[in-house]
Amino acid sequence: RIGIYSGTFNPTHVGHLRGAQYAREALKLDKLLLIPDKIAPHKQLPAGSPTSRQRLEMVTLAAQADPRIIPCDIEIRREGPSYTYETILQLKERYPECAVTLSVGERSRESYQRLYDAGADRYLLRHETADSEHYAMLHPKEMKFETRMRCLRNLRKIGFQTGCGFMVGSPYQTVDSIVKDLRLIKSLSPEMVGIGPFIPHS
């Protein structure tokens with residue numbers, strides 16, 4: 001089982017390493033690839049930022065703390081912006097026996113389709129709450145309940161093995177909210193469901 005942790009890593013810090021170690025242990029991964037991007041397609045790095053090669057060197061140094069966390073230059077070796085679907089194509093060629101599970105948030109149907117066509121097999125997207133009023137209480141105004149539901153439906157229609165889920169004990173949650181969550185899960189019939197406790201930050 002191989003995990004992928006991709007990003008700018010600008011700069012690499014202890015939070016990246018701890019997150020990678022937690023993911024590897026929680027998901028029982030044989031190894032986890034740290035993949036710095038060459039050119040972030042939706043994010044401009046500040047002036048004076050390290051080059052992609054320098055960011056790879058930082059990732060390599062950080063990965064020395066855990067032999068099962070491995071730096072990977074698959075995106076840096078490509079020309080142009082680092083798009084996820086291109087990385088999936090290359091990883092499927094390198095590890096054809098592995099299923100690819102993604103968890104990269106809300107996207108357009110076209111983007112989901114491109115990821116699926118590239119070889120992604122599973123997609124995790126927590127619905128968080130099936131109560132639209134509760135959702136509005138938990139998120140900024142620009143995040144819409146309808147968008148999250150549409151994304152989940154699109155993932156199912158495209159053919160992804162889909163995962164959803166919610167937290168028990170989140171702020172403003174009611175028993176009625178939890179009932180709606182369970183009914184949504186039943187209606188979606190996802191292959192994976194994550195239900196866990198809400199733990200507030202101290």
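The following dialogue explains how several terms apply to this predicted model.

Guide: This is a predicted model, in which local features need pLDDT of at least 70, side-chain atom pairs count only at pLDDT 80 or more, and totals for chains, interfaces and linings use all residues. Residues are numbered from 1 along each chain as its sequence is written, and side-chain values use heavy atoms, with hydrogens and water left out.

Visitor: What makes strand 1 and strand 2 a pair?

Guide: Two strands pair if DSSP finds at least two bridges between them. Strands (E, at least two residues) and helices (H or I, at least four) are DSSP runs numbered from the N terminus. Strand 1 and strand 2 are joined in the parallel sense over six bridges, so they meet the rule of at least two. Within this pair, I4 stands opposite L33, and S6 stands opposite I35.

Visitor: How do you know that strand 2 also pairs with strand 3?

Guide: Three bridges join these parallel strands. In one of the positions, L34 has P71 of strand 3 as its bridge partner.

Visitor: Why are strand 1 and strand 3 said to stand at the edges?

Guide: The open sheet has three strands in the order 1-2-3, with parallel pairing. Strand 1 and strand 3 (69–71) each have a single partner strand, so one side of each is left without a neighbour in the sheet. On average, neighbouring strands of this sheet are turned by 25° against each other, direction ignored.

Visitor: Why is strand 2 described as largely enclosed?

Guide: Buried means under 20% relative accessible area, exposed over 50%, and partly exposed in between, with a 1.4 Å probe and protein chains only. Five of the six residues of strand 2 are buried, so strand 2 is largely enclosed by the rest of the structure.

Visitor: What makes the unit of strand 2, helix 2 and strand 3 right-handed?

Guide: A crossover is right-handed if, with the strands pointing away from the viewer, the path from the first strand over the helix to the second runs clockwise. The β-α-β unit of strand 2, helix 2 and strand 3 is right-handed, and so is, by this rule, the unit of strand 6, helix 7 (residues 175–188) and strand 7.

Visitor: How do you know that strand 6 has a partner in strand 7?

Guide: Strand 6 and strand 7 (residues 192–197) pair in the parallel sense over six bridges. F166 has I195 of strand 7 as its bridge partner. Strand 6 (residues 161–168) also pairs with strand 5 (residues 122–124), in the parallel sense and over three bridges; here Y123 stands opposite T162.

Visitor: Why are the buried residues of helix 3 placed on the same side?

Guide: In helix 3 (residues 84–94), T87, I88 and L91 are buried. They cover an arc of only 100° around the axis, which puts them on the same side of helix 3. The arc is that of the directions from the helix axis to the C-beta atoms.

Visitor: Why is C164 called buried?

Guide: The relative accessible area of C164 is 3%, which is under 20%, so the term buried applies.

Methods
Axes are lines fitted to C-alpha atoms, for helices over the stretch in contact, and angles run from 0 to 180 degrees between N-to-C directions.
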